[in-house]
Amino acid sequence: MVHFRAWRVHEKDGQFQGSIDMMTQDQLPEGEVLVRVSHSSLNYKDALSASGNKGVTREYPHTPGIDAAGVVESSTVPAFHAGDRVIVTGYDLGMNTDGGFGEYIRVPAAWCLPMPESLSGAAAMSYGTAGLTAALCVDKLLRMGLAPDQGPVLVTGASGGVGTVAVELLARLGFEVVALSGKHDEAGRLKQLGAIEIVDRAVLETSKRPLQRGSYAGAVDTVGGTLLAELLKVIRPGGAVACCGMVGGIELPTTVFPFILRGISLLGVDSVEIPLADKQRIWEKLSSEWRCPQTEQGARTIGLESLGPALKAFLEGHSRGRVVLAHQTETA
Ligand SMILES: NC(=O)c1ccc[n+]([C@@H]2O[C@H](COP(=O)([O-])OP(=O)(O)OC[C@H]3O[C@@H](n4cnc5c(N)ncnc54)[C@H](OP(=O)(O)O)[C@@H]3O)[C@@H](O)[C@H]2O)c1
């Protein structure tokens, strides 16, 4: 029987604690495809799962990890064969299905994407769900007609996982990117990624006015809450905001004025439950013309033993860039 390591979260007396446990494959859920995971990555949702957020994970013990890249060990469906390289992100992975913080996952075939030829498992997970989400935001803005000559684009939560990929990708596509960040010491890195200006998060303070001077043609927002409400006030007429996150809160205390007086579009972005074909289209772009070299080279790689503190940093708003979890040496 194959034993493997997994970072499991246990609930005891209302407290949630992670530990590296030994598991066997028969402890994994039912599923068509058994994957030996080479890499996972860290996302805000993993930190919620690890801290006992029942909106994300209902029952413990549980293995978080909403992302996984690896090699198919066995499959009960003809679409996948042993040795195929795959990416699995989102759906229920890492939420109520044991996820990528274990060395093996067993999942429905409908969750598995063939890994693009040109990506290694480590490179794929340097993007992970955060990179996929950033790219989906950019894709939606482009489909709305946003173009570099229309003016600067703002990225909020710029030093985080989604934010850094959004900054690099937009800059590569020729946009003037303004990065909104609460971390002064990240300015150098954000400029390296391609931001032309770093704006302190505190600048978008709550104002009583329903609209402010329109400064940005568009925005990628990872924060939500009052910050998103303030952001809507500074978008130019006809502009668009892609909204994907909630680190700053789930309420949106806005008025209808940005929408009815300036024709601004608020575009919702979900990277979790969208059809697999939509994920595949974006992964193909990230592995070719949308490739972000700094994201791939700059991701920090950790092992299972460092997961606890790395996840805590997300909840405290201290996370920076992308963090990849490496399980073992890739063989394919
Ligand atoms: N819709 C989807 O499918 C989807 C997919 C992936 C992620 N998300 C969501 O997107 C958000 C970002 O995810 P992530 O993985 O990039 O997280 P992350 O790495 O923790 O980045 C979030 C960043 O937001 C800023 N921030 C943190 N706390 C804040 C606060 N209280 N107020 C304002 N800004 C704050 C920080 O950047 P600065 O210090 O630079 O401001 C932080 O680095 C999360 O809410 C996540 O759940 C959604």
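Predicted model: local features only at pLDDT ≥ 70, side-chain atom pairs only at ≥ 80, totals over all residues.
Trainee: How many helices and strands does the chain have, and what is its radius of gyration?
Mentor: Counting DSSP runs numbered from the N terminus, with helices as H or I of at least four residues and strands as E of at least two, the chain has nine helices and 15 strands. The globule rule, 2.2 Å times the number of residues to the power 0.38, with the radius taken over C-alpha atoms, gives 20 Å for 332 residues, and the chain comes close to that, so it is as compact as a globular protein of that length, with a radius of gyration of 20 Å.

Trainee: What share of the contacts with a separation of 6 or more comes from residues 24 or more positions apart?
Mentor: A contact here means heavy atoms within 4.5 Å. Among the contacts in the chain with a separation of 6 or more, residues 24 or more positions apart account for 71%.

Trainee: Why is helix α5 described as largely enclosed, and which elements do its buried residues pack against?
Mentor: Buried means under 20% relative accessible area, exposed means over 50% and partly exposed lies in between, using a 1.4 Å probe and protein chains only. In α5, residues 225-233, eight of the nine residues are buried, so the helix is largely enclosed by the rest of the structure; among them are Leu227, Leu228, Glu230 and Lys233. The elements that these buried residues pack against are β8 (153-155), β9 (177-181), β11 (216-221), β12 (235-243), α6 (257-260) and β13 (265-268).

Trainee: Which residues of helix α7 are buried, and what do they pack against?
Mentor: In helix α7, residues 276-286, the buried residues are Lys279, Ile282, Trp283 and Leu286. They cover an arc of only 105° around the axis, which puts them on the same side of α7, the arc being that of the directions from the helix axis to the C-beta atoms. An α-helix has 3.6 residues a turn, so residues three or four places apart point the same way. The buried residues of α7 pack against β5 (85-89), β7 (112-114) and α2 (121-143).

Trainee: Which residues does Phe16 touch, and how far apart in space are Phe16 and Ile260?
Mentor: Phe16 lies in strand β2, residues 15-24, and, not counting residues up to four places away in sequence, touches Val9, His10, Glu11, Ala50, Ser51, Gly52, Lys54 and Tyr60. Phe16 and Ile260 are 244 residues apart in sequence, and their C-alpha to C-alpha distance is 46 Å.

Trainee: What is the omega of the peptide bond from Tyr60 to Pro61?
Mentor: Pro61 has its place in the loop between α1 (44-50) and β4 (67-75). The peptide bond from Tyr60 to Pro61 is cis, with omega near 5°.

Trainee: Asp13 has a positive phi although it is not a glycine; is Asp13 buried or exposed?
Mentor: Asp13, with a phi of about 50°, is found in the loop between β1 (3-12) and β2. At 73% relative accessibility, Asp13 counts as exposed.

Notes: Residues numbered from 1 in each chain as written. Heavy atoms only, no water.
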